[in-house]
Amino acid sequence: MRKVLVIEDEKEISDLLEIHLTDLNCQVTKANDGKVGLDLAINEQFDLIVLDIMLPNLDGIEICKEVRKREIYVPILMLTAKSEEFDKVLGLEIGADDYLTKPFSIREFIARVKAIFRRVDAVQKTDIDNTIINVGDLKIDVQKRRVILNGERVELTQKEFDLLLLMATHPGRTYTREQLLNTVWGYQYNGYEHTVNSHINRLRTKIEDDLSNPKFIRTSWGVGYWFNDSLEN
Ligand code: CA
């Protein structure tokens with residue numbers, strides 16, 4: 001059963017979301033205050049946080065930033081009002097996974113939630129024995145979401161880790177930028193393929209010795225990227 005935290009101060013909305021999330025076999029925890037919500041987000045484990053922006057005591061954008069600052073990688077679906085300045089770029093910057101503008105239909109909400117769960121499953125789907133991936137000098141601890149290079153911890157952002165994990169668990173497979181964008185960020189970010197390039201570039205500066213000849217993440221010119229499948233384990 002998936003655990004979902006709904007941080008929303010409008011009771012009718014949070015009650016409605018609870019009903020439909022419960023239908024999706026989720027266990028729902030509700031918070032109607034920003035500080036209480038942040039506390040729950042930090043101290044308990046959830047599979048999804050549905051986060052309103054305008055909240056008493058602490059707004060949703062700050063909550064999202066605080067959660068990411070603590071390296072908590074739970075997917076976050078933001079709820080925004082039309083009048084609020086929130087767009088895809090800000091969403092990408094603060095580490096939200098998706099957002100919905102109020103008023104939204106329940107059908108749209110459910111579709112977004114399902115898409116997030118599908119994405120999480122796609123990124124995390126690895127062999128059970130394979131919770132630590134060793135490739136050359138690179139070690140990926142899937143459970144702890146840690147990357148060790150030559151014995152030293154590499155600090156990756158959530159999306160950098162997701163990109164690396166997806167490709168490293170499918171070595172040799174070429175992913176187009178669009179495929180990476182859809183799998184790691186979701187279809188609603190279509191048109192933001194350049195985001196993939198900049199994340200790959202940052203990821204490479206963190207794990208590659210020679211950027212002109214990357215060892216792990218290879219470029220397939222005009223197509224996309226693939227993880228080197230000829231490295232020794
Ligand atoms: Ca609100």
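Which side chain does E62 meet in a salt bridge? K65 is the partner, at 3.8 Å from N to O. Here are my notes on the rest.

1. **Ground rules.** This is a predicted model, in which local features need pLDDT of at least 70 and side-chain atom pairs count only at pLDDT 80 or more, while totals for chains, interfaces and linings use all residues. Residues are numbered from 1 along each chain as its sequence is written, and side-chain values use heavy atoms, with hydrogens and water left out.

2. **The E62–K65 pair.** Both residues sit in helix 3 (residues 60–69), 3 residues apart, or about one turn of the helix. Helices here are DSSP runs of H or I with at least four residues, strands are runs of E with at least two, and both are numbered from the N terminus. E62 counts as partly exposed because its relative accessibility is 33%, and K65 counts as partly exposed at 38%. For reference, buried means under 20% relative accessible area, exposed over 50%, and partly exposed in between (1.4 Å probe, protein chains only).

3. **Salt bridges overall.** The structure holds 17 salt bridges, each defined as a side-chain nitrogen of Lys or Arg within 4 Å of a carboxyl oxygen of Asp or Glu. Side chains of opposite charge can pair when their charged atoms come close.

4. **K102 and its partners.** K102 forms a salt bridge with E8, with the closest N and O atoms 3.0 Å apart. Because K102 lies in strand 5 (residues 98–102) and E8 in the loop between strand 1 and helix 1, this pair ties together parts that are 94 residues apart in sequence. Both K102 and E8 are buried. K102 also meets E10 in a salt bridge (3.1 Å, N to O). K102 counts as buried because its relative accessibility is 14%, whereas E10 is partly exposed, with a relative accessible area of 37%.

5. **Calcium site.** The calcium ion is coordinated by D9 (OD), D52 (OD) and M54 (O), at 2.1 to 2.3 Å. Donors are N, O and S atoms within 2.8 Å of the metal (3.2 Å for Na, K and Ca), and since water is not among the atoms, sites may look incomplete. The donor spacing in sequence reads D-x42-D-x1-M. D9 sits in the loop between strand 1 (2–7) and helix 1 (11–23), and D52 in strand 3 (residues 48–52), 43 residues apart. D9 counts as partly exposed at 32% relative accessibility, whereas D52 counts as buried at 3%.

6. **Second largest pocket.** This pocket holds about 430 Å³ of space. Its lining has 20 residues, and those closest to its centre are L92, E93, G95, T157 and H199. A pocket is an open set of points on a 1 Å grid over the protein atoms alone, where a 1.4 Å probe fits and protein lies on both sides within 12 Å along at least five of seven lines; lining residues have an atom within 4 Å of a point. Helix 8 gives the most to the lining, with 5 residues. Domain 1 (2–124) and domain 2 (132–227) both contribute to the lining, so the pocket lies between them; the bounds come from an automatic or database domain assignment.

Note on methods:
Points joined across faces, edges and corners; volume = space filled by probe spheres on them.
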